[in-house]
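Q: I would like to learn how to read a few features of a protein model. Can we go through them one at a time, general idea before the case at hand?

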Amino acid sequence: MTHPSPTEPLPWHDEADVLGVRVRVFFFDPAEVDARAEFVARQVPILRQSGARLLFPEGQRQGYRAGLLLALPDAVLAHGDGLLCLSYKGGDGRLVEPSQWRAQFRVDVMLQCIANAMAVAGQRQQPTAALWRGTNLLCQFDPGVAALECLATHIGAARHYWRELQSVSPAQLAAFCEPRLRALPGLADSAASAPTAAA
Amino acid sequence: MIHVQIASQLTAQGVSGVRWVLVEPVDAPLGAEPGAPADPTAPPAAAAGPAPQTGSPAAGALQLGALKLAAVGLGLGAALWTAHVQVGPPDAPPTAPVAPAAPAPATPQALPAHQDSHGAPAGSAPPAQARPLPPATAPDRPATPAPAASGGLPRLTASL
């Protein structure tokens with residue numbers, strides 16, 4: 001496997017628009033990557049040998065809050081002048097076929113990752129990238145204006161909907177916003193190839 | 001407002017291409033005392049703690065049920081009071097109404113105008129209706145009505 005120089009773009013294998021979010025995917029061999037000792041090389045294989053480092057020891061989760069949104073991401077890494085908000089404990093644990101990843105893509109996981117990154121960015125006041133690491137692929141989510149505004153403006157409504165007193169979780173916010181995003185004009189086409197969850 | 005920046009690009013050196021959005025800050029939580037400061041670094045366990053009793057849905061449902069019960073009780077009491085005033089106690093005999101006045105006998109003005117010297121109509125006997133009937137043959141209208149049979153319907157109108 002070749003590694004890009006710091007100035008080169010990262011070698012994403014594919015990308016697509018899903019519900020107003022630009023999704024970039026990187027496939028890897030889980031048997032090889034899971035055997036790595038270093039956290040970044042194992043959980044963010046596309047950034048192997050980069051300067052990313054964990055803010056807290058592995059396995060120690062820290063809560064982040066932005067307004068009423070309270071997130072508990074799996075890991076937060078410092079990367080350059082920004083942060084990486086990584087989720088790797090979600091999903092169904094299935095291998096994703098590189099040619100079928102759009103059909104197997106889970107929108108709810110994507111929106112949860114973006115909500116996690118929003119909470120981290122709001123509390124730390126640093127630009128934060130949303131990442132999800134599946135069994136054999138790594139995704140980076142680049143939300144568009146519609147998706148970002150939908151999530152940001154429905155935090156209070158989601159809290160009332162779920163009858164939470166203090167805060168709303170990224171999973172609750174994602175579940176509340178997904179049908180609203182699907183109803184937005186112009187985004188339904190990109191959502192047609194991305195079902196909510198694989199059966 | 002809380003400034004939230006999401007990186008749109010990821011490079012080997014860092015992140016770039018920031019997209020930003022504003023998120024509303026924490027307002028007063030439901031059921032919390034006004035003026036209580038929101039702790040942004042509170043652990044999740046504290047955030048997910050038990051709900052205060054004042055704002056819990058169970059307390060609201062209990063209050064609503066008690067309110068409904070009170071409304072039904074007030075309505076039932078008003079209905080019973082009205083029936084007691086209008087009819088009387090349930091086990092007491094109904095109020096005896098005053099008998100209506102017996103119909104007056106036919107007046108002489110109703111008789112034919114031709115009368116003989118004795119005052120009787122000419123050529124015909126006076127009609128039976130014109131004579132006052134003896135008490136035995138008077139219409140069966142007792143001065144006081146018979147007591148109502150047990151289970152009879154109570155009168156809902158009062159006599160004046």
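Predicted model: local features only at pLDDT ≥ 70, side-chain atom pairs only at ≥ 80, totals over all residues.

Q: Which other strand pairs with β9(A), and over how many bridges?

A: Strand β8 (residues 128–133) of chain A also pairs with β9(A) in the antiparallel sense, over four bridges. Here Ala130(A) has Phe141(A) of β9(A) as its bridge partner. A hairpin of three residues connects β8(A) to β9(A).

Q: How should I read the two faces of a strand, and which residues of β9(A) point which way?

A: In a regular strand, side chains alternate between the two faces of the sheet. In β9(A), Leu137(A), Cys139(A), Phe141(A) and Pro143(A) point one way, while Leu138(A), Gln140(A) and Asp142(A) point the other way. Both sets are buried. Strand β9 (residues 137–143) is accordingly mostly covered, with seven of its seven residues buried.

Q: Turning to helices, what is the span of α4(A), and what span is expected?

A: An α-helix has 3.6 residues a turn, so residues three or four places apart point the same way. The 18 residues of α4(A) reach 26 Å from first C-alpha to last, close to the 26 Å expected at 1.5 Å a residue. Since 16 of its 18 residues are buried, α4(A) is largely enclosed by the rest of the structure.

Q: Which residues touch the most other members of the largest nonpolar core?

A: They are Leu69(A), Met118(A), Leu131(A) and Leu151(A), in a core of 70 residues. Helix α4 (residues 107–124) of chain A supplies the largest share of this core, twelve residues. Take Leu151(A) as a case: beyond its neighbours within four places in sequence, Leu151(A) is in contact with Leu111(A), Ile114(A), Ala115(A), Met118(A), Leu173(A) and Cys177(A).

Q: Is Ala174(A) buried or exposed, and why?

A: Ala174(A) has 22 C-beta neighbours inside 10 Å, so it counts as buried; the cut-off for buried is 20 or more. Ala174(A) sits in helix α7 (residues 170–183) of chain A. Leaving out residues up to four places away in sequence, Ala174(A) touches Asp108(A), Leu111(A), Gln112(A) and Ala115(A). Ala174(A) and Ala115(A) are 59 residues apart in sequence, yet 7.4 Å apart in space, C-alpha to C-alpha.

Q: How many residues of chain B are in contact with chain A?

A: On the chain B side there are 29, in contact with 39 residues of chain A. The elements of chain B giving two or more residues to this side are β1 (2–10), β2 (15–23) and α1 (44–47). β1(B) gives the most, eight residues. By type, the chain B side has 20 nonpolar, seven polar and two charged residues.

Notes
Residues numbered from 1 in each chain as written. Chains lettered and ligands numbered in written order. Core = buried A, V, L, I, M, F, W, Y, C linked by C-beta atoms within 7 Å. Buried ≥ 20, exposed ≤ 12 C-beta atoms within 10 Å, placed from the backbone. Contact = placed C-beta atoms within 7 Å. Expected span 1.5 Å × (residues − 1). Nonpolar A, V, L, I, M, F, W, Y, C, P; charged D, E, K, R; others polar. Pairing = 2+ DSSP bridges.
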